[in-house]
Structure formats: structure tokens, C-alpha cells
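The following exercises are to be worked with the sequence and the model at hand. Each task is followed by a solution in steps.

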Amino acid sequence: MFESILQRKYPNITLKPLTGGYTNLAYILEGMPQPLIAKISHAEQLDGVAELNCLYMIHDNPLTPRVFETFEEDGFRFMIMDYVAGINGQKILDQRDIERSEELFDQLGKHLATDIHRIRQVDINVHLPQLNLINCDLELLDYIPKALLKEAHALLNHQDMGEPVLVHGDYGPHNVIYTPNGLSVVDWEWSGWGSYLQDIAWVIWFVTLHYPGNAKQLSNTFLHAYRSHSDQPVSSDLIQIYAVSRVLQVMCRIIHANHDVKQEWIRRLKWTLEATF
Ligand SMILES: Nc1ncnc2c1ncn2[C@@H]1O[C@H](COP(=O)(O)OP(=O)(O)O)[C@@H](O)[C@H]1O
Ligand SMILES: [Mg+2]
């Protein structure tokens with residue numbers, strides 16, 4: 001169905017499915033004057049609106065692909081964007097290429113501080129979700145064992161750090177395209193206004209969970225680069241608090257997911273509460 005909608009809209013194109021994403025469907029559109037991709041989401045999904053608002057807000061930032069156009073059909077939103085030729089950052093980690101992984105984490109730190117967190121909510125009148133330490137109604141999380149939820153909740157009883165800045169919300173190697181000219185940051189669906197620590201914690205959490213063997217080295221490289229461009233405080237306790245905040249936010253998004261997915265995130269929440277970052 002998606003393919004026929006795209007073929008009707010852009011006759012004479014060839015469509016190739018794009019792999020590497022976690023949730024949405026995407027295609028590369030070949031045969032247009034410039035290479036484009038189509039990212040498809042449910043029209044009623046608010047994440048897609050946040051992504052669009054955010055991409056339009058930063059459309060002249062060379063760090064992100066430009067949006068070519070968007071349209072809705074049959075209950076789906078089609079976002080047509082420039083195609084960025086390169087490789088997904090997570091592939092570099094999976095290839096165990098340590099030298100390039102270090103360079104990737106150095107650039108992740110630098111761009112986060114200089115191009116993303118420098119955008120302050122007070123300067124810009126664009127509606128994006130407000131990302132607080134507690135982002136959803138914890139009553140919804142009745143699938144989490146009570147004692148565990150209580151422990152997480154207690155940790156989040158902390159003052160939010162810093163003024164609200166642009167938070168990507170799912171920042172990390174899995175959502176950047178590594179090119180010879182630098183990084184391109186994609187997937188702004190979870191973007192919002194909030195603490196700089198939301199993104200920092202997510203990068204450290206992701207690499208510590210998924211790549212424990214290289215986590216210390218890559219986290220240090222990332223934090224060193226971030227701190228070279230920002231004087232905001234970062235500590236291992238703060239990283240843990242904001243990692244729990246992010247994990248609970250994901251857990252609020254999966255209340256309709258199946259049992260195994262929920263169990264996996266309960267395991268991850270436990271792990272986050274016990275980990276040292
Ligand atoms: N404009 C783009 N150009 C090239 N590749 C892209 C582009 N946008 C996304 N991708 C690739 O597709 C993957 C999935 O897109 P993403 O926006 O992250 O969707 P999802 O929400 O499914 O994770 C990305 O991780 C990236 O590798
Ligand atoms: Mg993604």
C-alpha cells in the first residue's frame with residue numbers, strides 16, 4: 001500500500017526499503033533529481049508531529065537532513081527527506097572498529113553540546129513536548145513491580161538540572177549517519193524541551209548496556225568532547241537519575257506492548273538502578 005501511494009505521488013521512482021530503524025518504515029526513493037527517503041508513521045501518532053516541528057525548527061542546521069515535503073494519506077504520515085549517504089553509527093560499533101568508534105563518540109559529544117543543546121527554549125517559540133524528570137503518569141506503569149517503581153520514583157525526586165534546551169530524546173550512535181563530511185542526526189520523534197542531561201544519560205546508558213566492553217572508553221571520549229564545549233555539570237549520579245527518567249519514559253510508551261517486551265524493560269530498569277555509570 002505504501003509503495004503504491006509513493007509511486008502515484010512520484011511516478012518513475014524506484015523504491016528500496018531502508019533498514020536499520022527500530023520502529024518506523026522507510027524507503028529510499030531513487031530516480032528523483034536528488035536522492036530522498038520517505039519515513040512513514042501513523043498519522044495520529046504525536047511523535048511524528050514532534051519530529052516534524054523539530055526538523056522545521058532546525059531546517060538550516062547542516063547536522064540534520066532537510067525535509068523536502070510531508071503529506072498524509074490513508075491514515076499515514078509520509079515525511080520525505082534528503083537521503084544522507086553514509087553508515088548508521090551503530091554499525092561502526094558492531095564492526096568493533098574502535099578507532100572509528102572513538103571518533104564517532106567524540107563527534108557525538110561535540111555536536112550535542114554545540115548544535116543541539118545550545119538551542120534554548122526561551123529563545124524559540126516552537127511547540128515541542130516538555131521533557132521533565134517524570135514524564136508520564138506513573139499509575140500507567142502498573143506492570144512494573146511496585147518496589148522497583150518506588151525505588152525509581154524516589155531517585156527522580158531531584159531538581160531538574162539546567163534551563164530547558166532542545167533534547168533529541170533518542171540521541172546516540174543508532175540515530176546518526178556517519179559520513180566522510182561528519183555526522184547527520186536523524187529520528188527526532190522523541191525530541192522536546194528539557195535538561196541537557198536527558199541526552200547525555202541516554203548515550204552513556206545505551207553504550208553501557210549494549211557494548212559493556214567498550215563502554216568506559218567511549219563514555220569518557222563522549223563526555224570529554226561534550227565538556228570541552230559546555231560547562232554544565234555532569235556526574236555519575238546525575239547520569240543515573242536521568243537514565244532512569246529515560247527508561248521510565250520508554251516504559252510509558254510500551255504499555256500496550258507484549259509481555260516479553262515489558263519484561264525486558266523491567267530487567268533494564270533494574271539494571272539501570274544497580275549500574276554505575
Ligand atoms: N535521511 C536519511 N538518510 C539516510 N538514512 C536515513 C535517513 N533517515 C533515517 N535513515 C536511516 O534509517 C534508520 C531508521 O530511521 P529512523 O528515523 O531512526 O527511524 P526509526 O524511528 O524507525 O528508528 C536510521 O537509523 C538511519 O540509519
Ligand atoms: Mg531510529
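Predicted model: local features only at pLDDT ≥ 70, side-chain atom pairs only at ≥ 80, totals over all residues.

**Exercise 1.** Describe how helices α6 and α7 pack, and classify the residues of their contact.

*Solution.* Step 1: α6 spans residues 196–210 and α7 residues 212–228; the axes lie 7 Å apart, at an angle of about 155 degrees. Step 2: angles over 145 degrees count as roughly antiparallel, so α6 and α7 are roughly antiparallel to each other. Step 3: the crossing of α6 and α7 is right-handed. Step 4: contributors to the contact include Ile 200, Val 203 and Val 207 of α6, and Leu 218, Ser 219 and Phe 222 of α7. Step 5: sorted by class, the contact of α6 with α7 comprises twelve nonpolar, three polar and no charged residues.

**Exercise 2.** Identify the protein donors of the magnesium ion (ligand 2) and state where they lie in the chain.

*Solution.* Step 1: the donors are Asn 175, through OD1, and Asp 187, through OD, at 2.1 to 2.2 Å from the ion. Step 2: Asn 175 sits in the loop between β8 (165–167) and β9 (176–179), whereas Asp 187 sits in the loop between β10 (182–185) and β11 (192–194); the two are twelve residues apart. Step 3: Asn 175 is buried at 5% relative accessible area, and Asp 187, at 19%, also counts as buried.

Definitions and conventions. Residues numbered from 1 in each chain as written. Chains lettered and ligands numbered in written order. Heavy atoms only, no water. Donors = N, O, S within 2.8 Å, 3.2 Å for Na, K, Ca; no water. Helix = DSSP H or I, 4+ residues; strand = E, 2+ residues; numbered from the N terminus. Buried < 20%, exposed > 50% of the residue type's maximum accessible area, 1.4 Å probe, protein only. Axes fitted to C-alpha atoms, helices over the stretch in contact; angles between N-to-C directions. Parallel < 35°, antiparallel > 145°, perpendicular 65-115°, else oblique. Left-handed = near helix turned anticlockwise from the far one by under 90°. Contact = heavy atoms within 4.5 Å. Nonpolar A, V, L, I, M, F, W, Y, C, P; charged D, E, K, R; others polar.
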